[in-house]
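This report goes through a structure step by step. Please look at the sequence and the model before reading on.

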Amino acid sequence: MNCATMGTGGRGLIGLVALTVFGVGPIRAQFPTEPPPPAELKPLAFPPFQEAALDNGLTIILVENHRLPIVSIRLAVRAGSRDDPADRAGLADMVSDLLTKGTEGRSADQIAAEIEGVGASLSAGAGTDFLFLSTTVLTEHTQLAFDLMSDVVLNATFPEDEFSLAQTRMLSGLRVQQADPSAIADRYFFQELYGEHPYARQASAASVEAMTRADVAEWAAAYLRPAGTLLVLAGDITLESAMAAAERAFGAWSGSRPDGEYAAPPAARASDILLVHRPGSQQANILVGSQALPAGHAAYYAAVVGNKLVGLGADSRLYQVLREQYGWTYDAASRLARRADIGYWRANTQVRTEVADSALAELLRQITLARTAAIDADELARAKGFMVGIFPLQIETPQAIASQVANVRLLGLGEEYLRSYRERLDAVSGGEVNRAFRTIIDPDSAVIIVVGDGPALYPTLTRVASVRMIDVEGDPLTLEDLAPRAVALALDLDQVVARRDSFQMLAQGNAIGYQVTDLSFGEDGTVYYSEHVAITVMGMTQNSQVAMQLEPLTMVSVDQTVSMQGMKAVTDLDYADGRVSGQAQTPEPTGTVKTIDVDTDVIDGIIDDNAIQALLPALPLADGEEVTINVFRGGQGTAGQLTFTPDGVQEVTVPAGTFQALRVQVTGGEAPLTFYLSTETPRRIVKLEIVGQPIAFELVQ
């Protein structure tokens, strides 16, 4: 390249260097390092509410806006999960699920086809206090929307086949929640927080299985009534047109919901820690909170700003301290929730077991600082700026406006609430935030839930507060309850045969790897069981070999090598004379390898967790009868128990063929598992599922 070329058609290398070196001052002057001061807050041009009512007590609220030919309609009924019978928790959700699944004149498919034919959808949902039915359509299809909404509200038939499908879906979802430590923490948080008040109720397998179609119809007949119900419209419609359409659609609707009497939420008491033992968990889920504010409380605006400051977003204190400063977690957050009765505030995080006590202590310290320490002016301005700035985005569509207006009116907050919301936030002072946090939470009387491995967490958590421990089902536990105890275990040795099995590993139905298992016998009677697992999408392989004696059942050794993305972890354990010793390594998500030195006593008959798949066919499994075995988890260096519960025989089709298989639920590990054992002798594992995850292993040959 010659000099002439460098000087034409653009800035050459020499000119660019000169500009960079000699032009630093002018460039910096064009880009200030400090943000400009905030502009004066402009009033929010929120259109006025128009209100009317039908003779049956249905209230119509209209937010008129003709900029776009769209109408959003939201029917809000003053009934929700708080109105579920105690032994039918989840019934309001079931009602909302089935509302659009068939009426006297339309099937579920016909309802879907009609609304989808005009490019819209009709959705229903139940919350704690209210049930909603909503749709958004082009203005020309407003009458169709009213017709469909009134049909499902007045004429829903809750077909038996749709009820059975919904019940199955709900039970499946509950099984997933049972494996989710966050869902477990939620369940016990609300029970501790609200006691006998219906806000504490959570759907369970027992409550859902107890439901009948008749229960659904009776709940709907009792609570889907016009008196006190809101019909909120936003968009391209006049009040006259809205009233006429509402009269045609809902004029024949009549009645009012029954009065409800609810137990008062319990008074605050001295804090302790409710530790929910989830065996094998390598993380602790921590949740801290309290009852907060009734709807309309004057401290709400300051609490909103304070919640942003403490735990909402990546610039919040909890995130910055627990994640960025200490590296204890991937996320930490808080939430302020409003309800018709008393709401709540809570903060949560998930941390490694070994730092759970430190993370909990720091979380409580941050709550104390929010209550007592002067708030920096810049930090306060950023928190207010975010909350003030995001609000217009929450009301920029007719759907969002209808939702906001419905919530405001149902909570009794008044018409001016939405118009003055930003100004009230912007006026909050640091002292008001401190006072709001003193109102909503006191660390000395907070509800504290920790979900994780009980024996690993209990000793350290007692440094923070007194600890009560329960299992996942809610039954009280002591440390002595968790100590492995000798269990008489009679294996059916005819089921332990030399074989080689191959499995495909699936994620959401797609092949992502494979597993090959091999069982053989040595000349001295030693059983050798090996597994080779490869997850190709992760670049991970794991090779394991277990040596054991069967008569009596005795572990001999475990050798395992895991390779993943350049990491290599090696485990080498020896069992002898009632002890297990060696070293166990586990790859960590952080890119490091966790190493545990193992040297501990074990009880007779304990099974290394790497040998479970080999011995499962030999367990004395009969339908409905649980079998509990002692296991040693080398990756954690701890002993525990697994429970195997047969759950009926069913037909299972896998690449290797179709089998009659005994379904066996396995609990007590880090995640619940479901095994399918062929009923033919010798029994054979034909499928394995990880409950709560879309992962399955299927027998290929």
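Where do Phe 190 and Tyr 194 lie, and how many residues apart are they? Both lie in helix 8 (residues 181-194), four residues apart, about one turn of the helix.

## Basis

This is a predicted model, in which local features need pLDDT of at least 70, side-chain atom pairs count only at pLDDT 80 or more, and totals for chains, interfaces and linings use all residues. Residues are numbered from 1 along each chain as its sequence is written, and side-chain values use heavy atoms, with hydrogens and water left out.

Helices (H or I, at least four residues) and strands (E, at least two) are DSSP runs, numbered from the N terminus.

## Aromatic pairs

Rings of Phe, Tyr and Trp (its six-membered ring) pair if their centres lie within 6.5 Å; planes under 30 degrees apart count as stacked, over 60 as edge-to-face and the rest as tilted. The count comes to 16 aromatic pairs. One of them is the edge-to-face pair of Phe 130 and Phe 132, with 6.4 Å centre to centre and 70° between the planes. Phe 130 has 11% relative accessibility and counts as buried (under 20% relative accessible area, with exposed over 50% and partly exposed in between, for a 1.4 Å probe and protein chains only). Phe 132 is also buried, at 14%.

Phe 190 and Tyr 194 form a stacked pair, 6.4 Å centre to centre with 15° between the planes. Phe 190 and Tyr 194 are both buried.

Strands pair if DSSP finds at least two bridges between them. Six strands form an open sheet in the order 1-2-6-3-5-4, with mixed pairing. Strand 1 (49-53) and strand 4 (123-126) are at the edges and have a single partner strand each, so one side of each is left without a neighbour in the sheet.

Strand 4 pairs with strand 5 (residues 131-138) in the antiparallel sense over four bridges. Leu 131 in strand 5 is the bridge partner of Ala 126.

## Helix 19

The buried residues of helix 19 (residues 454-461) are Gly 454, Leu 457, Thr 460 and Leu 461. They are on the same side of helix 19 because they cover an arc of only 150° around the axis, taken from the directions from the helix axis to the C-beta atoms. These residues pack (heavy atoms within 4.5 Å) against several elements, including strand 7 (273-277), helix 14 (356-372) and helix 20 (479-482).
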